[in-house]
Amino acid sequence: SSAGDGLLQVTMPRVTRSDAHMQVETSTDLIQWTTSGVTDASTGTQWIGQLPMNANQGFLRLRALPSP
């Protein structure tokens, strides 16, 4: 993870799987998670989640979910 350009960012190498997908989520308390306010800036080789830095505390995670 990193912080720059006013963004909190988490990055991970991309591994494509047909049975799962990744979702970028944010939380203010590490209990309730949401995709609201998160930017998915992923590329063909990396998962990238970004969150604007402001006065509020915030956390990012990449969550693996089974494909529907």
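Reply: Arg63 has 35% relative accessibility and so counts as partly exposed, since buried means under 20% relative accessible area, exposed over 50%, and partly exposed in between (1.4 Å probe, protein chains only). Before we go on, this is a predicted model, where local features need pLDDT of at least 70 and side-chain atom pairs count only at pLDDT 80 or more, while totals for chains, interfaces and linings use all residues. Residues are numbered from 1 along each chain as its sequence is written, and side-chain values use heavy atoms, with hydrogens and water left out.

Me: Why is Glu25 called buried?

Reply: Its relative accessibility is 3%, so Glu25 falls in the buried class.

Me: What makes Glu25 and Arg61 a salt bridge?

Reply: Their side chains meet at 2.6 Å, N to O. The rule asks for a side-chain nitrogen of Lys or Arg within 4 Å of a carboxyl oxygen of Asp or Glu, so the pair qualifies. Glu25 sits in strand β3 and Arg61 in strand β6, 36 residues apart; strands (E, at least two residues) are DSSP runs, numbered from the N terminus. Arg61 itself is partly exposed, at 27%.

Me: How do you know that Glu25 and Arg63 also form a salt bridge?

Reply: The N to O distance there is 3.3 Å, and the cut-off is 4 Å, so this pair passes too. Glu25 is in strand β3 and Arg63 in strand β6, so the bridge ties together parts 38 residues apart in sequence. By this rule the count comes to 2 salt bridges, and Glu25, Arg61 and Arg63 are linked in a network.

Me: What makes the set with Val10 and Met22 a nonpolar core?

Reply: A nonpolar core is a set of buried Ala, Val, Leu, Ile, Met, Phe, Trp, Tyr and Cys residues joined through side-chain atoms within 4.5 Å. The largest one here has 8 residues: Val10, Met22, Val24, Val38, Trp47, Leu51, Leu60 and Leu62. Strands β3 (20-27), β5 (46-52) and β6 (59-66) each give two or more residues to this core.

Me: Which residues is Met22 in contact with, leaving aside neighbours within four places in sequence?

Reply: Met12, Trp47, Leu62, Arg63 and Ala64, where contact means heavy atoms within 4.5 Å.

Me: And why is Ser27 called buried?

Reply: Ser27, in strand β3, has 2% relative accessibility, so the buried label applies.

Methods
Helices (H or I, at least four residues) and strands (E, at least two) are DSSP runs, numbered from the N terminus.
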